[in-house]
Amino acid sequence: MQTPGTLYIVATPIGNLGDLSPRALETLRTVAAICAEDTRHTRQLLSHFGLERPLLALHQHNEEQQAAQLVARLQAGDSLALVSDAGTPLVSDPGFRLVRAARAAAIKVSPVPGACAAIAALSVAGLASDRFAFEGFLPAKASARRERLGKLAAEPRTLLFYESAHRIEEALDDMAAAFGGARAAVLARELTKLFETVLDGPLEALAAQVKADPNQRKGEFVVIVEGAGDDADAKVIEGKRLYAKLSEHLPPSTAAKLAAELSGAPRKALYGSGGD
């Protein structure tokens, strides 16, 4: 009976190529093929290290169809590696469908850990790191983005977001509006690369700094936002969010009463958000 191969989940550098681990390099050298989100990007990485391996495109548009074929190869004895364009696969990148299919077929799935932009940013942020929530990329549409942020306003854990250069200004403005301009935050840009920058301060100040400096609107971003604080603060934040929604359809006094009951916040604390 043929011994199945192993599916290796291999983290690759997020910028500095020196961050590719010796084990990752050896794994990429010895597998039968490498599944890559963008084969052109991965081919450049392999070329830098003098490697030539077969590359298979695996992205959000073909993963469902490719998974069955790749599992068949693994069952036949081939070991495969999965990489993303940069960092740890499956962290805001494709791959979980393949991993799920491999595990369902009793294929060994083994991590080869390494760089991850979110964790790298958290490690230098100086914000609480004992409990955090990774939110990935926010919705592109403004209304959906603001709705998502509104739901997170009372979250007590440190929040981590990925953001792109063409939306970073709008995202910071929306965060300041949802969480309050005084909420502490960190903006990590181009980590491990030549123009690496880590800025910290209140959300309102960070938003102004990015607006004023075109260089701070280039590259790839991790935004880390301090949690809502203690339970009482979180209840008030959630109460104000609910009040804002309810007051669109109900009289202020009724909206404040319902928001207080649903959130556990004192009714009087909600009056500052527009109650009578």
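Predicted model: local features only at pLDDT ≥ 70, side-chain atom pairs only at ≥ 80, totals over all residues.
I counted two of them. In one, Phe-134 and Tyr-162 have ring centres 5.0 Å apart and planes at 75°, so I logged the pair as edge-to-face. Phe-134 sits in strand β6 (residues 132-137) and Tyr-162 in strand β7 (residues 158-163), so this pair ties together parts 28 residues apart in sequence.

Phe-134 is partly exposed, at 32% relative accessible area. Tyr-162 counts as buried, at 10%. I also noted that ring pairs link Phe-134, Tyr-162 and Phe-137 into a cluster.

I found zero; a pair would need cysteine sulfur atoms within 2.5 Å. Cys-35 is buried, with a relative accessible area of 0%. Cys-116 is buried too, with 14%.

Then I turned to the whole chain. I listed ten helices and ten strands. The C-alpha trace spans about 75 × 45 × 30 Å along its principal axes. Of the 276 residues, 43% are buried. For contacts with a separation of 6 or more, I noted that 68% come from residues 24 or more positions apart.

I counted 31 positive and 33 negative side chains. The centres of these two sets lie 4 Å apart.

Methods: Residues numbered from 1 in each chain as written. Heavy atoms only, no water. Helix = DSSP H or I, 4+ residues; strand = E, 2+ residues; numbered from the N terminus. Buried < 20%, exposed > 50% of the residue type's maximum accessible area, 1.4 Å probe, protein only. Contact = heavy atoms within 4.5 Å. Lys, Arg positive; Asp, Glu negative; His and termini not counted. Charge placed at Lys NZ, Arg CZ, Asp CG, Glu CD. Phe/Tyr/Trp six-rings, centres within 6.5 Å; stacked < 30°, edge-to-face > 60°.
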